Amino acid sequence: MKRKVLSWLLVAALALMTGYYLLPGSVRNTQPVFQPVRCAGYQLIIDAGHGGEDGGAVSLTGVPESGINLSIALKLDALLGLYGAAPTLLRTEDISLHDDSASTLREKKVSDLHNRVDRIERTENAVLISIHQNTYQSSKYHGAQVFYSNGELSLPLAQLTQELLRQALDPENKRVPAKIPDTVYLMNHISCPAILVECGFLSNPEEEALLRSDSYQRKIAAALAAAWLQYQGIEINGEA
Ligand SMILES: [Zn+2]
């Protein structure tokens with residue numbers, strides 16, 4: 001329905017523009033009559049969790065989640081690039097984003113999180129996908145899990161992402177999106193739609209091996225890319 005309206009708007013705009021340039025110069029005013037049509041207009045921000053000295057959770061074979069997060073983030077960026085999307089990546093290498101004045105590990109971690117929040121909050125029409133890996137004392141838990149902040153604002157993207165991860169990685173995964181705990185600083189200090197994806201459990205032997213593999217990381221990135229593209233489709237056309 002909205003697509004039809006858009007087509008008519010475009011026809012009307014073209015007709016207006018044509019008529020406008022046929023007018024003698026003295027009749028034209030100096031104001032532009034035609035503003036570019038904004039589609040979804042979102043700026044996707046991809047946050048590869050942790051980095052630098054802060055490796056985050058460590059896998060059963062001693063691999064920190066920060067590298068896995070970054071690898072998935074870069075694959076997601078590359079995939080979305082094929083569709084003309086240009087996401088912002090908060091980091092593209094194994095670094096912490098702290099100020100130079102931070103010296104202890106704690107200070108660096110706090111400064112890093114403040115800077116990430118700051119960059120997200122300064123981005124107009126931002127939507128955040130934060131990438132992390134899960135861990136637990138017991139090795140039996142596995143499966144991707146999507147968390148969201150800012151309630152209703154983020155729920156549609158969270159649901160879509162959880163569903164596409166289920167389809168792509170494990171049809172048996174019964175997890176549903178959950179509200180982010182209050183303890184996660186970044187997700188509780190931003191105002192845009194935001195999801196945090198725990199791609200799997202580094203404490204589960206089978207899933208840990210998968211999460212370290214290039215092919216599985218690509219599957220995750222493909223599911224996230226599809227969720228992002230479909231999400232924008234929903235917002236533009238009002239349909240899934
Ligand atoms: Zn993490």
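Two rings of Phe, Tyr or Trp (its six-membered ring) count as a pair here if their centres lie within 6.5 Å; planes under 30 degrees apart are stacked, over 60 edge-to-face and the rest tilted. With that rule, a search of the whole structure turns up 5 aromatic pairs. This is a predicted model, in which local features need pLDDT of at least 70 and side-chain atom pairs count only at pLDDT 80 or more, while totals for chains, interfaces and linings use all residues. Residues are numbered from 1 along each chain as its sequence is written, and side-chain values use heavy atoms, leaving out hydrogens and water.

**Aromatic cluster**
- Tyr 42, Trp 228 and Tyr 231 make up one aromatic cluster.

**The sheet**
- Helices (H or I, at least four residues) and strands (E, at least two) are DSSP runs, numbered from the N terminus.
- Six strands, listed as 6 strands in the order S2-S1-S3-S6-S4-S5, form an open sheet with mixed pairing; strands pair if DSSP finds at least two bridges between them.
- Strands S2 (88-89) and S5 (178-179) stand at the edges with a single partner strand each, so one side of each has no neighbour in the sheet.
- S1 (residues 43-48) pairs with S2 in the parallel sense over 2 bridges, and Ile 45 stands opposite Thr 88 in S2.

**Helix H2**
- The 18 residues of H2 should span 26 Å at 1.5 Å a residue, and its end C-alpha atoms are 26 Å apart, which agrees; the expected span is 1.5 Å times one less than the number of residues.
- Gly 84 follows H2 and has a positive phi, near 80°.
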